[in-house]
Amino acid sequence: MARQSLQLELAERPKVSIVPGKTFRHVTLPVPSASELQDGELLVETLYLSLDPAMRGWLNDIRGYVKPIQIGEVMRGFALGRVIASKSSKAKEGDLVLANTGFREVARLHESAVEEPTKLPSNGVLSDLLGVLGYTGLTAYFGMTKIGQVQPGETVVVTGAAGATGSVVTQIAKLQGGRVVAIAGSDDKVRWLKEDLKADVALNYRDPDFRKKFAEATPDYINVFWDNVGGQQLDMGLARAAKDSRFVLCGAISQYNAEKREGIMNLGMAITQRVKLQGFIVFDHYKEYPEARKQLAQWLEEGKIQRQAFIVKGGLQNSEEAFEQLFKGANTVGKLLLEVKTPDSTTAERVSSQL
């Protein structure tokens with residue numbers, strides 16, 4: 001009997017939050033045989049899927065930086081996978097690859113859609129390939145080096161600071177000499193930011209005195225504001241923007257599932273304080289990925305960047321639980337991944353040996 005592959009397809013567009021059992025449907029299909037592959041094609045089994053807040057935006061039928069997912073299409077997702085059959089010179093059976101497999105157990109891909117993993121540093125783990133050395137780490141790197149451009153002594157505020165991107169941003173800001181005010185949604189996350197990532201100040205936005213503490217933490221106003229959250233926190237940042245400050249607009253997770261979206265009341269400060277507000281997409285800098293990954297890997301090996309990964313187990317059947325973790329935050333810090341198939345004990349060594 002042919003091997004079967006489970007995949008997650010969009011069944012209906014969510015009006016607010018993703019609804020388990022309604023937004024997606026699970027479909028099982030036979031996996032093509034190796035003999036069915038065309039020249040340049042590969043079969044890749046998914047090991048880990050990256051879970052990112054931007055995924056919620058892909059489900060809306062509106063203009064974005066990538067086309068929205070259509071009803072009946074497989075949910076888009078970037079993954080670390082293993083080649084199980086190949087008619088490509090780019091990767092052979094057993095090799096690990098990074099690819100947009102989508103939310104499916106086995107993907108049939110053209111070689112142009114896969115890339116070799118970055119060589120892990122001596123203290124690296126597989127989750128780093130989708131975290132600090134993946135798109136989340138690259139996003140932090142380019143946003144801070146291209147837009148934030150922190151100068152020593154400047155005050156940097158990071159919202160969503162305990163997440164995959166925010167945690168790397170926090171540490172890059174410290175490496176650049178900034179005084180970092182990190183914001184997160186629980187006392188445990190605040191403790192991690194302060195004790196492990198060495199943020200100068202860490203605040204819980206759920207604290208009843210958050211507004212007061214935020215003002216006290218920015219007595220000389222804000223030079224760089226990294227926004228992962230949008231809404232109220234972005235508005236508070238604008239109210240305390242310093243002259244010639246830079247606002248790096250990366251995400252707006254507070255608004256993605258909101259029934260009523262919050263507007264910005266303090267936009268006038270962008271005029272009076274000559275604020276630069278700039279959005280960006282990591283794909284804009286793809287030609288510089290190798291250089292950025294080399295620097296991030298060096299910082300990781302030298303212990304200058306710490307990271308955490310929270311891995312949702314149980315395979316693709318648990319994808320909706322994983323989305324709930326992503327948007328509710330729960331007690332997760334760092335990179336969130338869905339383990340589709342448990343890697344064997346030699347997988348990490350395989351990354352180094354094939355490069």
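This is a predicted model: local features need pLDDT of at least 70, side-chain atom pairs count only at pLDDT 80 or more; totals for chains, interfaces and linings use all residues.
Visitor: What makes α2 roughly perpendicular to α9?
Guide: Helix α2 (residues 135-148) and helix α9 (residues 289-301) pack at an angle of about 100 degrees. Roughly perpendicular covers 65 to 115 degrees, so α2 and α9 qualify. Their axes are 10 Å apart.

Visitor: Which residues in α2 and α9 meet?
Guide: From α2 come Tyr135, Gly137, Leu138, Tyr141 and Phe142. From α9 come Tyr289, Glu291, Ala292, Arg293, Gln295, Leu296 and Trp299. The contact divides into 8 nonpolar, 2 polar and 2 charged residues.

Visitor: How many aromatic pairs does a search of the whole structure find, and why is the pair of Tyr135 and Tyr289 called edge-to-face?
Guide: The search finds 12 aromatic pairs. The ring centres of Tyr135 and Tyr289 are 6.1 Å apart, and a pair needs centres within 6.5 Å. Their planes stand at 65 degrees. Tyr135 in helix α2 and Tyr289 in helix α9 are 154 residues apart.

Visitor: Are these two tyrosines, Tyr135 and Tyr289, buried or partly exposed?
Guide: Buried means under 20% relative accessible area. Tyr289 has 9%, so Tyr289 is buried. Tyr135 has 24%, so Tyr135 is partly exposed.

Visitor: Why is the aromatic pair of Tyr141 and Trp299 called tilted?
Guide: The angle between the planes is 50 degrees. Stacked needs under 30 and edge-to-face over 60; the rest count as tilted. The distance is 6.3 Å centre to centre. Tyr141 in helix α2 and Trp299 in helix α9 are 158 residues apart. Tyr141 and Trp299 are buried. One aromatic cluster includes Tyr135, Tyr141, Tyr289 and Trp299.

Visitor: How do you know that Thr139 is buried?
Guide: Thr139 has a relative accessible area of 11%. The cut-off is under 20%, so Thr139 counts as buried. Thr139 sits in helix α2. Not counting residues up to four places away in sequence, Thr139 touches Thr165, Trp226, Cys250, Phe280 and Val282.

Visitor: What makes β10 and β13 the edges of the sheet?
Guide: The open sheet has 6 strands in the order β10-β9-β8-β11-β12-β13, with parallel pairing. β10 (201-204) and β13 (276-279) each have a single partner strand, so one side of each lacks a neighbour in the sheet. The twist averages 15 degrees from one strand to the next.

Visitor: How do you know that β8 and β11 pair?
Guide: Pairing takes at least two bridges. Strand β8 (residues 155-158) and strand β11 (residues 222-227) have 3 bridges, in the parallel sense. Trp226 in β11 is the bridge partner of Val158.

Key. Residues are numbered from 1 along each chain as its sequence is written. Side-chain values use heavy atoms; hydrogens and water are left out. Helices (H or I, at least four residues) and strands (E, at least two) are DSSP runs, numbered from the N terminus. Axes are lines fitted to C-alpha atoms, for helices over the stretch in contact, and angles run from 0 to 180 degrees between N-to-C directions. Angles under 35 degrees count as roughly parallel, over 145 as roughly antiparallel, 65 to 115 as roughly perpendicular and the rest as oblique. Contact means heavy atoms within 4.5 Å. Ala, Val, Leu, Ile, Met, Phe, Trp, Tyr, Cys and Pro count as nonpolar, Asp, Glu, Lys and Arg as charged, and the others, Gly among them, as polar. Buried means under 20% relative accessible area, exposed over 50%, partly exposed in between (1.4 Å probe, protein chains only). Rings of Phe, Tyr and Trp (its six-membered ring) pair if their centres lie within 6.5 Å; planes under 30 degrees apart count as stacked, over 60 as edge-to-face and the rest as tilted.
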